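Please walk me through the pockets of this protein, with attention to the residues and helices that line them.

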Amino acid sequence: MAEANYTKSTVKEFILFGITDRPDLQVPLFVVFLLIYVITLTGNLGIIVLIRADSHLHTPMYFFLSHLAFVDLCYSSVIAPKMLANFLAAKKTISYNACAAQLGCFLTFMITECFLLAVMAYDRYVAICNPLLYQTIMSQKVCIQLVAAPYIYSFSVALFHTIVTFRLSFCSANVINHFYCDDLPLLALSCSDTSTKQILIYAFAGFDMICSLLIVLISYIFILSAILRISSAQGRHKAFSTCVSHLTAVTIFYGTLIFMYLQPSTNHSLETDKIASIFYTLVIPMLNPLIYSLRNKEVKGALKRSMERIVVVLR
């Protein structure tokens, strides 16, 4: 493991330890995560462009999906470029200010994703339980408000946490045992009393996860109840098929968070956090476009129409 730099002055930069310090794994890991990041960029940008370009997808559900793709693209991009550069760098440093910016941006987009998934669950609830009033309830104004609220709330919370974290003193040790600047590894380096900050982390994380997950669960309870009241098997299948992609994305995202935060303290370690962090910062943003395109007839139809238009233009 890399040795910490010790100085008499306040820390001006940090060293990101990364996933592993084994030299023989740096290049293979660089190739693997570069491939993941390229797929993430291509998939999420593709979803955003496709939804904007195809009028058939100008509905509330796909409006929310385009913002989910944007958030996935952003918070993967907050982590991946620096991580990839560090695989090939001799000195894996990040400046004090850059570390604060990375933490703030990461928290903003992760919290936004939590509540966007909840908003998308509510959208499916309205579509299935109140189909005749769907367009009235999910008006353009309401959709914009439902998207703006998570962004505003998450930015405020992230700014608060970042300010509190970087008001702590970092006296000497500066090696962050992680591949990006995250709260808990930073607290491990602080020479201040971090008990209040730790309480704030778990209080806000618990509130955000419980509130957003409750919205998802309550929405799906009503959705399931409505689907079971449909008399025909074909009707039930059609109604449920509109939720499969979102339900898959929700299960993967919240499953990872629950594994990370609710595991017994005796089994909890920064190494385990790294594995979970790889999954929700890099793997999930890659999987979401695949989930919403491979299992969605409307998206596949829009993609086919776009390809046909491109072929016509190129002829």
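**Pockets and their linings**

By class, the residues lining the second largest pocket comprise 11 nonpolar, 5 polar and 1 charged. The model is a predicted one, and in it this second largest pocket holds about 300 Å³ of space. Its lining is made up of 17 residues, and those closest to the centre of the pocket are Gly43, Gly46, Ile47, Ser293 and Leu303. Helix H1 (23-53), H9 and H10 each contribute at least two residues to the lining of the second largest pocket, and H1 gives the most, with 8 residues.

The largest pocket has a volume of about 790 Å³, and 28 residues line it, with Met61, Lys238, Ser241, Thr242 and Glu298 lying nearest its centre. Two or more residues of this lining come from each of helix H2 (60-88), helix H3 (96-129), helix H4 (134-137), helix H8 (233-261), helix H9 (270-294) and helix H10 (297-314). Of these contributions to the largest pocket, that of H8 is the greatest, at 9 residues.

How many nonpolar, polar and charged residues does the lining of the largest pocket have? Sorted by class, the lining of the largest pocket has 13 nonpolar, 8 polar and 7 charged residues, while the corresponding counts for the second largest pocket are 11 nonpolar, 5 polar and 1 charged.

Technical notes:
Residues are numbered from 1 along each chain as its sequence is written. This is a predicted model: local features need pLDDT of at least 70, side-chain atom pairs count only at pLDDT 80 or more; totals for chains, interfaces and linings use all residues. Side-chain values use heavy atoms; hydrogens and water are left out. On a 1 Å grid over the protein atoms alone, a cavity is a set of points where a 1.4 Å probe fits but cannot get out, and a pocket is an open set with protein on both sides within 12 Å along at least five of seven lines; lining residues have an atom within 4 Å of a point. Grid points are joined across faces, edges and corners, and a volume is the space filled by probe spheres set on the points. Helices (H or I, at least four residues) and strands (E, at least two) are DSSP runs, numbered from the N terminus. Ala, Val, Leu, Ile, Met, Phe, Trp, Tyr, Cys and Pro count as nonpolar, Asp, Glu, Lys and Arg as charged, and the others, Gly among them, as polar.
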